[in-house]
Amino acid sequence: MDEVKQIVSDIKNGNIKPIYFLMGDEPYYIDRISEYIDKNVLAEEEKGFNQMVLYGRDVTIDDIVANAKRYPMMAERQVVIVKEAQELSRTIEKLAPYVENPQMSTLLVMCYKYKKIDKRKKLYKIVAKNGVIFDSKKLYENQVADWIRRVLGGAKYSIEPKAAQMLVEFLGTDLGKINNELDKLKLIIPAGSQITADQIEKNIGISKEFNNFELRKAIGTRNVVKAHLIINYFAQNPKDNPLVVTISLLYGFFSQVLQYHGLADKSQRNVAGALKINPYFVKDYSEAAQNYPMRKVSAIIAFIRDADVKSKGVGASNLPQGDILKELLVKIMG
């Protein structure tokens with residue numbers, strides 16, 4: 001996010017490079033940078049003749065270079081944005097001669113999603129020298145809640161840790177989807193407010209009681225009744241609560257509990273840093289560790305792996321997903 005802010009700040013201050021090569025696995029920031037350039041580099045009256053959007057599936061590198069070499073009409077510069085540039089991956093190195101001697105009155109943006117150009121080859125080195133290369137990396141799941149807090153903080157909102165975790169568990173690491181939901185919340189909730197789990201449930205439709213976060217907590221505290229209630233809810237609503245997600249989250253949780261057992265320093269600060277979690281959730285791991293000794297945790301991880309295999313139809317082709325989860329719960333809490 002800091003790198004994105006720096007790129008935007010440089011453009012805003014007139015420090016504009018002739019080429020921006022936006023690549024990587026996370027499309028969200030690629031879209032944000034290209035949208036900023038689209039909306040802000042040229043005045044509205046200049047865009048008609050001097051701004052164009054091309055698509056990688058429809059053009060060749062020669063087409064892009066020909067457009068980039070044009071001179072602007074009644075404007076200081078022109079903007080050429082190439083979306084879906086990854087469609088040109090087989091011939092992308094042919095762009096190197098242009099980048100080596102670019103048209104300085106052209107701002108060329110290459111949106112190269114889900115792929116990266118080879119750092120060892122000429123194009124990468126030339127872009128790094130004459131333009132900007134932005135590598136948009138996927139966030140790990142344990143980084144997304146902090147990303148949510150930072151995005152909301154920039155818009156003068158705060159969010160409860162539980163509410164942020166609900167969004168992560170429901171929407172995963174897709175920053176575009178998460179941002180869309182945050183935009184909906186910001187239309188309803190006034191700036192300066194704290195977004196709560198109740199508001200997430202009311203406005204996004206994520207149950208604050210029947211979700212993977214609450215299941216993990218119920219299992220960690222050995223609350224058998226609540227854990228069974230949640231699992232029964234999952235069994236009745238399998239499309240909204242896919243087994244593969246639940247198994248993945250339980251595996252991650254107990255792997256961290258195992259890691260917790262191995263820590264010599266179990267202070268809140270050290271645990272949060274070692275497990276890469278919000279300090280607010282450290283007590284959940286402390287309680288789980290008290291309820292599940294290290295040997296039991298190791299067995300649980302094996303149970304979860306077995307359930308994962310069964311969920312993929314190996315050795316349990318006719319077993320409903322709800323039954324697999326119920327069987328797993330009995331093994332964990334038995």
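Visitor: Does M74 count as buried or exposed, and at what relative accessibility?

Guide: In this predicted model, M74 lies in the loop between α4 and β3. A residue is called exposed when its relative accessible area is over 50%. Because M74 reaches a relative accessibility of 72%, the residue counts as exposed.

Visitor: What is the phi of M74, and what is the phi of K276?

Guide: Most residues other than glycine have a negative phi. K276, which is not a glycine, has a positive phi of about 55 degrees, and this residue is found in the loop between α14 (268-275) and α15 (282-291). M74 is likewise a residue other than glycine with a positive value, and its phi is near 55 degrees.

Visitor: Where does K276 fall, buried or exposed?

Guide: The loop between α14 and α15 holds K276, and the cut-off for calling a residue exposed is a relative accessible area over 50%. K276 has a relative accessibility of 54%, so the residue counts as exposed.

Visitor: Which strands stand at the edges of the open sheet?

Guide: The sheet is open and has 5 strands, paired in parallel in the order β2-β3-β4-β1-β5. Each edge strand has a single partner strand, so one side of it is left without a neighbour in the sheet, and the strands in that position are β2 (51-55) and β5 (132-136).

Visitor: By how many degrees are neighbouring strands of this open sheet of 5 strands turned against each other on average?

Guide: The strands concerned follow the order β2-β3-β4-β1-β5, with parallel pairing.

Visitor: At about what angle does helix α4 run to β3?

Guide: Helix α2 (residues 27-40) lies across β1 (19-24), β2, β3, β4 and β5, and runs at about 160 degrees to β4. Helix α4 (residues 61-68), for its part, lies across β2, β3 and β4, and its angle to β3 is about 165 degrees.

Visitor: Which residues is I148 in contact with, leaving aside its neighbours within four places in sequence?

Guide: I148 belongs to the largest nonpolar core, where Y20, I37, I148, L167 and I200 touch the most other members among 46 residues. With sequence neighbours within four places left aside, the contacts of I148 are I159, A164, L167, V168, I178 and L182.

How values were computed: Residues numbered from 1 in each chain as written. Predicted model: local features only at pLDDT ≥ 70, side-chain atom pairs only at ≥ 80, totals over all residues. Heavy atoms only, no water. Pairing = 2+ DSSP bridges. Helix = DSSP H or I, 4+ residues; strand = E, 2+ residues; numbered from the N terminus. Contact = heavy atoms within 4.5 Å. Axes fitted to C-alpha atoms, helices over the stretch in contact; angles between N-to-C directions. Buried < 20%, exposed > 50% of the residue type's maximum accessible area, 1.4 Å probe, protein only. Core = buried A, V, L, I, M, F, W, Y, C linked by side-chain atoms within 4.5 Å.
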